[in-house]
Amino acid sequence: MHSEVIVQDQASRLRELVNRSTQSNQYSKPKMITVASGKGGVGKSIVSLNLSLALAEAGKRTLLVDADHNLGNLATLLGVVPKYSIADVLRGDREIEEILLRPYDRLNFLAGSSGECDYPFTTEKDSRAFSHLIQSLDFPQDYIIVDLSAGITPNILSLCSDSDETLVVTTDEPTAVMDAYALIKMLVMANSQQTINVIVNNVPTIQVADETYKKLALAVQTFLRRSIGYYGGIPSDGHLQKSIYLQKPVFYLAPYSAASLSIRACSQRILEQQPINRKESVA
């Protein structure tokens, strides 16, 4: 009974926040991109963070949201120690504006939680309300990058369905590719019109990334009768590991490294909305 009351209070809180933000928001709706992966450990959060910085560098007001439920690590990658998190908003302890951080120019950040015993329970309906909330915040923004937890859950599928686009991050490992396919299959089942693009991360060469994408795209086309876009590959780079230990994004730690240049190229395709066309090599 007590847990039911908590869930009801949280749902009411989210509805109140959404209504308030929607009524007061005077700005145009930003583009929301959810970043997902079937398999953990493919570098999804690093891609989310550095893509957000690349968009901000290009002059776009960007909101980065750590939506990895209770295992958020973007704050650590950024080298910041947030006082509050999204969980405080869900519990009703803080307003969402109070937890916003601005670690870099044109980049706002909503921190997730990590290891909270009383993390608020979130339902699929709550996820949809939260999605609407961050899209209707009363300050100008061009892009919202939502870093999701790895795997396939109703919450993840709900957030992806409510976004303008889902970016699936994988590596060239067979298990990662199979899990990426499983995620894409579930995304298509949840929303057949969902725009899906792919980044292949941590590859020895861009050619390996291209081949990995072509295999994945062929499977999606053959079994799901769908096409998926491709923003490019990000090569293995020693600067990435160094950036994790130094808690400084590689985009600023080594702006001309292979990883940073590839991330910048991916961000340009997002800005231009021109995924690499590999259909001729997939058919």
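Author: The answers below concern a predicted model.

Reader: What is the strand order of the sheet?

Author: The order is 3-4-2-5-1-6-7-8. This is an open sheet of eight strands with mixed pairing. Neighbouring strands are turned by 25° against each other on average, direction ignored.

Reader: Why do strand 3 and strand 8 stand at the edges?

Author: Strand 3 (101-104) and strand 8 (229-235) each have a single partner strand, so one side of each lacks a neighbour in the sheet.

Reader: How do you know that strand 3 and strand 4 pair?

Author: Pairing takes at least two bridges. Two bridges join strand 3 to strand 4 (residues 107-110), so the pair meets the cut-off. These strands run antiparallel. Leu101 has Phe109 in strand 4 as its bridge partner.

Reader: What makes strand 6 and strand 7 a pair, and in which sense do they run?

Author: At least two bridges are needed, and five join strand 6 to strand 7. They therefore count as paired. Their sense is parallel. Thr166 is bridged to Ile196 of strand 7. The chain goes from strand 6 through helix 8 to strand 7, a right-handed β-α-β crossover.

Reader: How many bridges link strand 7 and strand 8?

Author: Six, in the parallel sense. Val198 has Tyr230 in strand 8 as its bridge partner. Here the chain crosses from strand 7 through helix 9 (residues 206-224) to strand 8. This β-α-β crossover is right-handed too.

Reader: Which strands does helix 7 lie across?

Author: Helix 7 (residues 154-162) lies across strand 1, strand 5 and strand 6. Helix 7 runs at about 150° to strand 1. Helix 2 (residues 44-57) runs at about 170° to strand 5.

Reader: What makes a set of residues a nonpolar core, and which residues have the most contacts inside the largest one?

Author: Members are buried nonpolar residues such as Val, Leu and Ile, joined through side-chain atoms within 4.5 Å. The largest core has 45 residues. Val65, Ile134, Ile184, Leu216 and Ile228 have the most contacts inside it. Helix 8 (residues 174-190) gives the most to this core, with seven residues. Another core, of 35 residues, lies apart from it and includes Leu167, Val169, Ile234 and Ile270.

Reader: What does Ile134 touch?

Author: Not counting residues up to four places away in sequence, Ile134 touches Met32, Leu63, Val65, Ile96, Leu110, Gln141, Ile144 and Val146.

How values were computed:
Residues numbered from 1 in each chain as written. Predicted model: local features only at pLDDT ≥ 70, side-chain atom pairs only at ≥ 80, totals over all residues. Heavy atoms only, no water. Helix = DSSP H or I, 4+ residues; strand = E, 2+ residues; numbered from the N terminus. Axes fitted to C-alpha atoms, helices over the stretch in contact; angles between N-to-C directions. Contact = heavy atoms within 4.5 Å. Buried < 20%, exposed > 50% of the residue type's maximum accessible area, 1.4 Å probe, protein only. Right-handed = clockwise from strand over helix to strand, strands pointing away.
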